[in-house]
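Let's take a friendly walk through this structure, from its helices to its aromatic rings. Please keep the 3D view open as you read.

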Amino acid sequence: MSARWRARVSCAVLALSAGLLQAQTRVELPSLDRHEGRALSLNGHWFAAAAGAGPLPTILLLHGCGGPYNGRGQLDARMRSYSALLNAEGWHALVLDSLTPRGETELCTQKLGSRAVTMTNRRRDALGALQWLAARPEVDPARIALLGWSNGGSTVLAATNLSVAEVAAEPLRPRAAVAFYPGCENDLKRGYAPSAPLLMLVGGADDWTPAAPCEALAKASAAPRPQLTVYPGAYHGFDGTAPLRLRLDVPNGTRPGAGVHVGGQAEARAQSRAQLLAFLREALR
């Protein structure tokens, strides 16, 4: 590759990155969670699709335990990449931040059972965001989907489980839900009764949120039974591009105290994105 061509490619990448950053609009929206007697105000990042005829399908993106931002305080590559992918399909996207309004930047290094932001908090955030989205004129309230990763994937399960009283009492329900490598243990124990079709995408080698509980949940679930794909040899975060590494700062996982592996796998990344889009296209048509 010539120096001139490399420069042109670099400029194109920078322009695309700038466009992604400029496309987002900062919004505030209420959670169903309460703080000092009032609804907690959440941060959101709105990515509008190109104008189309009538209200459009919309996807709510739920971050993992590391939050939605990178070390520079910008939305991380995963959130920007998936928002662009969804926008290209003609769908709006909303990235929800459940941590900053509660004074937290990450939960990954906090032990399960003592985390400052609980799954109840996150479930109520998701339910509040669904109500906020349904009230927007550019959103089709009958075609809203949930999409989450890791702790956000667990939030997808928690916010669509009709075995939870506040979920069952909520008249607004998503059209579809997708969870990348969620922790499935809690909803497996509770019993999972889905409020919408669910797709789970998990790694066969994941030692942080293992595949086995999700496989058991899919088999034991009430109808509509969740779809599940397990990618052999894939670890936590397989849909990213970072190399595989051992995180010794994470106290949870299948071997508490021994760390967890996180990293992308090119084949699983490509296949999971294709499966995500196929699932949502069918559900949101």
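## Helix H3

Helix H3 covers residues 119-134, and at 1.5 Å a residue its 16 residues should span 22 Å; the C-alpha atoms at its ends are 23 Å apart, which agrees. Keep in mind as you look that this is a predicted model.

Next comes helix H7, residues 211-220, where Ala211, Pro213, Cys214, Leu217 and Ala218 are buried. These residues take up an arc of only 165 degrees around the axis, which puts them on the same side of H7.

What covers the buried residues of H7? Helix H4 (151-159), helix H6 (185-190), strand S7 (198-203) and strand S8 (227-231) are among the elements that do. On the face turned away from the buried side, H7 carries the exposed residues Lys219 and Ala220.

## Aromatic pairs around Phe180

How many aromatic pairs does the structure hold? There are 8. One of them joins Tyr82 and Phe180, an edge-to-face pair at 5.9 Å centre to centre with 70 degrees between the planes. Tyr82 belongs to helix H2 (residues 77-88) and Phe180 to strand S6 (residues 176-180), so this pair ties together parts that are 98 residues apart in sequence. Tyr82 and Phe180 are both buried.

Phe180 also pairs with Tyr181: their ring centres are 6.0 Å apart and their planes stand at 70 degrees, so this pair is edge-to-face. The relative accessible area is 0% for Phe180, which is buried, and 2% for Tyr181, which is buried too.

## Arginines over rings

Two arginine placements are worth a look before you close the viewer. Arg273 lies over the face of Tyr82, at 4.4 Å from the ring centre. Tyr82 thus has an arginine over its face as well as Phe180 as an edge-to-face partner.

Which residue lies over the face of Trp46? That one is Arg136, at 4.5 Å from the ring centre.

Key
Residues are numbered from 1 along each chain as its sequence is written. This is a predicted model: local features need pLDDT of at least 70, side-chain atom pairs count only at pLDDT 80 or more; totals for chains, interfaces and linings use all residues. Side-chain values use heavy atoms; hydrogens and water are left out. Buried means under 20% relative accessible area, exposed over 50%, partly exposed in between (1.4 Å probe, protein chains only). Helices (H or I, at least four residues) and strands (E, at least two) are DSSP runs, numbered from the N terminus. The arc is that of the directions from the helix axis to the C-beta atoms. Contact means heavy atoms within 4.5 Å. Rings of Phe, Tyr and Trp (its six-membered ring) pair if their centres lie within 6.5 Å; planes under 30 degrees apart count as stacked, over 60 as edge-to-face and the rest as tilted. A charge sits over a ring if NZ of Lys or CZ of Arg is within 6 Å of the ring centre and within 35 degrees of the ring normal. The expected span of a helix is 1.5 Å times one less than its number of residues.
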